[in-house]
Amino acid sequence: MGSLSTAVDLEQVAYFLVTGASRGIGATMAIETARKFKPGSVVVLLARSASGLESTRSTIQSVNPHITVITSSVDLASASKELLNEILDKSLAGRTATESPFRLAFIIHNVGTIGNVTRKAIDLDERTSWEEYFGTNVFNVAVLNSCFLRKFEAVPRKLVVNITSKACLTPFPSMTYYCAGKAAREMYFRVLADEEAGTNLTVLNYSPGPVDTEMTVEIQGQSHSAGIREYFQGLRDTTTILTTEQTTAKFLHVIQTGTYKSGDHIDYYDE
């Protein structure tokens, strides 16, 4: 693990950005993490749904009224580097990151789509569909991450979290796009962690486990694989599917105790 601990103290003045923050895991992580920040902190929520973002924003303001919460309705599939930089600049209200009081710059890359689960890998022959999927789930995640780290280079501590999945390690029938996208995305973050080892940047690949979200409902309803449909049905029937609150509590425990090394893949079910 080296001399640098990966444990992060959240009770300080932070700049915190969450993608896919309008619902599900992203919304709960945004709310529960922002609860801990000190006055002067800035929270930026990105997603497509303006109404979902507003709901997350108002909940954060109710649990921590002493911080600034900014929302930006943006389609991360097509957002340019210029637009992403503009969102960051606006959230800083004309200041540069070096003029800011932030002790921690923290980003959660939660945005993610499942892709077409009605077709087998052998049938996925449309290049535009592949480009669109990777645009949202890989390409623009990397671009936003670069913009973020460049902008907050001077902040003493940086934490980058990639919401990953067991699907980046294990093939799941019907989930070709998702498995391929998660694998590419996690490898990007592992290389980043390796290149920045020994700096003030910590990278975590957090796999939240099977969670009761709209995404898992979609997989259960539309997957061409009977086994996959039955798996999620079984989790719901036995109420062993996780809540967003359960996985967020584990996530907060992981980042605050720092029992991993930068770049690691940590699953909800890991000890």
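**Ground rules**

I am working from a predicted model, in which local features need pLDDT of at least 70, side-chain atom pairs count only at pLDDT 80 or more, and totals for chains, interfaces and linings use all residues. Residues are numbered from 1 along each chain as its sequence is written, and side-chain values use heavy atoms, with hydrogens and water left out.

**Overall build**

I started with the secondary structure and found eight helices and seven strands in the protein chain. These are DSSP runs numbered from the N terminus, with helices being H or I of at least four residues and strands being E of at least two. The radius of gyration is 18 Å, close to the 18 Å that the globule rule gives for 271 residues, so the chain is as compact as a globular protein of that length. For my own record, that radius is taken over C-alpha atoms, and the globule rule is 2.2 Å times the number of residues to the power 0.38.

Next I looked at the extent: the C-alpha trace spans about 55 × 40 × 40 Å along its principal axes. Of the 271 residues, 50% count as buried. Here buried means under 20% relative accessible area, exposed means over 50%, and partly exposed is in between (1.4 Å probe, protein chains only). The chain exposes about 12,300 Å², and carbon and sulfur atoms supply 52% of that. The areas come from the Shrake-Rupley method with a 1.4 Å probe; for residues, only the protein chains shown count as cover.

I also checked contacts, meaning heavy atoms within 4.5 Å. Among contacts with a separation of 6 or more, residues 24 or more positions apart account for 80%.

**Aromatic rings**

How many aromatic pairs does a search of the whole structure find? I got 16. The rule takes rings of Phe, Tyr and Trp (its six-membered ring) with centres within 6.5 Å; planes under 30 degrees apart count as stacked, over 60 as edge-to-face and the rest as tilted.

I looked at Trp130 and Phe134, a tilted pair at 6.1 Å centre to centre with 45° between the planes. Why are these two about one helical turn apart? They are four residues apart in helix H4 (residues 127-151), and therefore separated by about one helical turn. Trp130 is partly exposed at 25% relative accessibility, whereas Phe134 is buried at 16%.

I then turned to Tyr188 and Phe189, an edge-to-face pair with 4.8 Å between centres and 80° between planes. Tyr188 is partly exposed at 27%, while Phe189 is buried with a relative accessible area of 0%.

Trp130 and Phe134 came up again in one aromatic cluster, together with Tyr133, Phe139 and Tyr177.

I also noted a charge over a ring: Lys250 lies over the face of Tyr268, at 5.8 Å from the ring centre. The test asks for NZ of Lys or CZ of Arg within 6 Å of the ring centre and within 35 degrees of the ring normal.

**Cysteines**

I searched the whole structure for disulfides and found zero, taking a disulfide as a pair of cysteine sulfur atoms within 2.5 Å. For Cys168, the nearest cysteine sulfur is that of Cys179, 8.8 Å away. Cys168 is buried at 14% relative accessible area, and Cys179 is buried at 12%.

**Positive phi**

Which way is Thr239 classed, buried or exposed? It is exposed, with a relative accessible area of 66%. Its phi is positive, about 50°, although Thr239 is not a glycine. I placed Thr239 in the loop between helix H7 (226-237) and helix H8 (244-257).

Ser174 also has a positive phi, near 80°. This residue is in the loop between strand S5 (157-163) and helix H5 (176-195), and is buried at 4% relative accessibility.

**Two residues I clicked on**

Thr213 lies in the loop between strand S6 (201-207) and helix H6 (214-222). It is buried at 14% and touches Gly24, Ile25, Arg236 and Thr244, not counting residues up to four places away in sequence.

Ala7 is in the segment before strand S1 (14-19) and is partly exposed at 23%. Leaving aside neighbours within four places in sequence, Ala7 is in contact with Arg157, Ile255, Gln256, Thr257 and Gly258. Its C-alpha is separated by 17 Å from that of Glu32, 25 residues apart along the chain.
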